[in-house]
Amino acid sequence: MAIRGVAFDLDETLAVPSRDRTTLLGEAVALAGGPPITREEYLDAHRKNLTQQTREPIFADLLTQYEESQADAKSLADAYRQVVTKSLSPVGGSAALIEELKTDYRVGLLTNGPIDAQRAKLEHLGWTELFHAALVTGELPAGKPDSAAFEALLSALGTNANETVYVGDTPLDDIEGATEAGLFAVQVRFEDGPDRDPRADAYIDRDRLALELPGLLASID
Ligand SMILES: [Mg+2]
């Protein structure tokens, strides 16, 4: 069946932070006077809070591990949102790529995270109207890799799973999630990024995404 839809992950696929996320977390914690939360602790708490309005429940979970801390979850969430949002830049040529793809495909975005955090990133990038459909899992019943998240994406695009390609970097959330839901999966690769996932249908270097994705989609077609 011909490919009619293509959808993207956001973080590390179409947009990258100027500093590593451990540094950004440290900057936010310093701004809000928080305890020494590690990146691993943050990721564990994030994974348990994929369908929230803000990052406040993530930091509230984290603060239960640091009972002596006087910091509050809302200040930490606000500081982290500001630091992360400001640090974000689009992958080279990605906006033009999306515009180009929209002439031939239904084009979507499906990103894991709280509503305010992810919508602020799209606004910062100037991408609120870029996609035919942009879904944030905070607005959905479940986050990636749950099939319900991909089903919501397909429903918003109006395409079937077997005619839709999902492009993302993370093995569990993006590649397993998409392929388990019946979509094709293209894994975006970059230096120091996640390992190559054998379940992906194809691979692409992030630096060459804008240049090579249209041809790659035509070959899956
Ligand atoms: Mg990602």
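Guide: The protein chain splits into domain 1 (5-16 + 89-220) and domain 2 (21-87). Such bounds come from an automatic or database domain assignment. This is a predicted model: local features need pLDDT of at least 70, side-chain atom pairs count only at pLDDT 80 or more, and totals for chains, interfaces and linings use all residues. Residues are numbered from 1 along each chain as its sequence is written.

Visitor: How many residues does each domain bring to the contact?

Guide: Domain 1 gives 15 residues and domain 2 gives 8 residues. Contact means C-beta atoms, placed from the backbone, within 7 Å.

Visitor: Why is K144 called buried?

Guide: A residue is buried if 20 or more other C-beta atoms lie within 10 Å of its own, exposed if 12 or fewer, and partly exposed in between. K144 has 27 such atoms within 10 Å, so K144 is buried. Among the residues that K144 touches are L110, D173 and G177.

Visitor: What makes helix 5 and helix 9 roughly parallel?

Guide: Angles under 35 degrees count as roughly parallel, over 145 as roughly antiparallel, 65 to 115 as roughly perpendicular and the rest as oblique. The axes of helix 5 (residues 94-101) and helix 9 (residues 209-220) cross at roughly 20 degrees. The two helices are therefore roughly parallel. Helices are DSSP runs (H or I, at least four residues), numbered from the N terminus. Axes are lines fitted to C-alpha atoms over the stretch in contact, with angles from 0 to 180 degrees between N-to-C directions.

Visitor: Which residues meet there?

Guide: S94, A96, L97, E100 and L101 in helix 5 meet L209, A210, L213 and P214 in helix 9.

Key: Two residues are in contact if their C-beta atoms, placed from the backbone, lie within 7 Å. Lists of a residue's contacts leave out its neighbours within four places in sequence.
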